[in-house]
Amino acid sequence: MSERTIVITGASDGIGAAAARALSVSGDRVVIVGRSPQKTEAIAAELGADHVIADFTRLADVRALAAQLLRRYPRIEVLANNAGGIMGARELTEDGHEKTFQVNHLAPFLLTTLLVDRLVESRASVINTSSAANRFGRLNLDDLGNERKYSPNKAYGDAKLANILFTRELHRRYHGRGIVTAAFHPGVVATSFSTGSTSIMRLVYQSALKRMLISPEKGADTLVWLAGTTAGVDWQSGEYYEKRTVQSANSQAADAGLATALWERSIDLVATDLLPQASTS
Ligand SMILES: NC(=O)c1ccc[n+]([C@@H]2O[C@H](COP(=O)([O-])OP(=O)(O)OC[C@H]3O[C@@H](n4cnc5c(N)ncnc54)[C@H](OP(=O)(O)O)[C@@H]3O)[C@@H](O)[C@H]2O)c1
């Protein structure tokens, strides 16, 4: 297989960094995308990889990231939308969206949509890091920012459910044109996850209990497997995986109408006059 270009967001730490390490030994070109310049540069230097800095709380950064990727890489065979996490008190971004929803859903939605022609030409795999927390989600299209009822867990569950709905709708719209896509839960992984959160989950991730969690390398296993194997043979596009196996998700994740409506609402929310037209057939 000739050298592929694999773009991983959230590759400056945790699961994304572990996936970048594993995938860079196979002769592919891995592009490290991170928020912290220091951490991102350190992983890139360790791997001899390219890197790009982008803060997903700023959609302008996501647009600049997409422009840079399009300029630098004539093909992108894998896009791993992995950056994300659980937040603290409800906060709006400079774009006016609830932060958890923007970082975990709107930013990767915008990035993927801006890259979509390149992804189609490259017959790319788009791999989305979701979470078993999708089961705590209950999406309300009229209150995607949880203005009425916010908690860090609810916002995170909604966003991770949105990752699965996005995967299903990306499959529906673009599989016929060559894109394959899957979402996955990495497990409960000892990373920097929840560091800035006020969620109860912080007790598990940032205490002595952390020793009981699986390693970032194990957490990256399904991502690395999806990136290195063939959709239609080894895995099914449009599905949600855990431990390399299709998993059931929140009942809302099976709602095709909701997936389409979320896509359309997301286009509105990221100001889509600048986006390429997506097929609705
Ligand atoms: N750990 C778990 O048990 C677990 C379970 C289920 C799902 N997940 C999901 O797995 C993914 C990776 O998380 P992790 O566990 O590896 O946590 P992590 O160690 O905290 O890594 C998170 C990554 O996302 C980046 N990131 C966070 N906020 C960002 C922002 N505003 N803009 C751009 N990048 C941002 C971080 O960048 P910097 O480090 O440069 O700031 C880092 O590279 C997340 O989507 C998370 O929701 C994790």
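Visitor: By class, which residues make up the shell around the ligand?

Guide: The shell around the ligand has 16 polar, nine nonpolar and four charged residues. Keep in mind that the model is predicted.

Visitor: Which residues come nearest to the ligand?

Guide: G10, G14, F56, G84 and T191 come nearest, out of 29 residues around the ligand. Two elements, α1 (14–24) and α2 (37–47), each give two or more residues to this shell. The most come from α1, with three residues.

Visitor: How are two packed helices described?

Guide: The description uses the angle between their axes and the distance between the axes. Here, take α4 (residues 99–114) and α6 (residues 152–174): their axes cross at roughly 20 degrees and come within 7 Å. Angles under 35 degrees count as roughly parallel, so α4 is roughly parallel to α6. The crossing of α4 past α6 is right-handed.

Visitor: Which residues of α4 and α6 meet?

Guide: From α4, the residues are T100, F101, N104, H105, F109 and T112; from α6, they include A155, Y156, A159, N163, F166 and L170. By class, this contact of α4 with α6 has eight nonpolar, five polar and two charged residues.

Visitor: On to the strands. In which sense does β7 pair with β6, parallel or antiparallel?

Guide: Strands β6 (residues 180–185) and β7 (residues 239–242) pair in the parallel sense, over four bridges. F184 has Y241 in β7 as its bridge partner.

Visitor: And in which sense does β7 pair with β8?

Guide: That pairing is antiparallel, over two bridges, with β8 spanning residues 245–246. T245 in β8 is the bridge partner of E242. The β7 and β8 hairpin has two residues between the strands, and K243 takes a positive phi near 45 degrees there.

Terms used:
Residues are numbered from 1 along each chain as its sequence is written. This is a predicted model: local features need pLDDT of at least 70, side-chain atom pairs count only at pLDDT 80 or more; totals for chains, interfaces and linings use all residues. Axes are lines fitted to C-alpha atoms, for helices over the stretch in contact, and angles run from 0 to 180 degrees between N-to-C directions. Angles under 35 degrees count as roughly parallel, over 145 as roughly antiparallel, 65 to 115 as roughly perpendicular and the rest as oblique. A crossing is left-handed if the near helix is turned anticlockwise from the far one by less than a right angle, and right-handed if clockwise. Two residues are in contact if their C-beta atoms, placed from the backbone, lie within 7 Å. Ala, Val, Leu, Ile, Met, Phe, Trp, Tyr, Cys and Pro count as nonpolar, Asp, Glu, Lys and Arg as charged, and the others, Gly among them, as polar. A residue is near a molecule or strand if its C-beta atom, placed from the backbone, lies within 6 Å of it. Two strands pair if DSSP finds at least two bridges between them.
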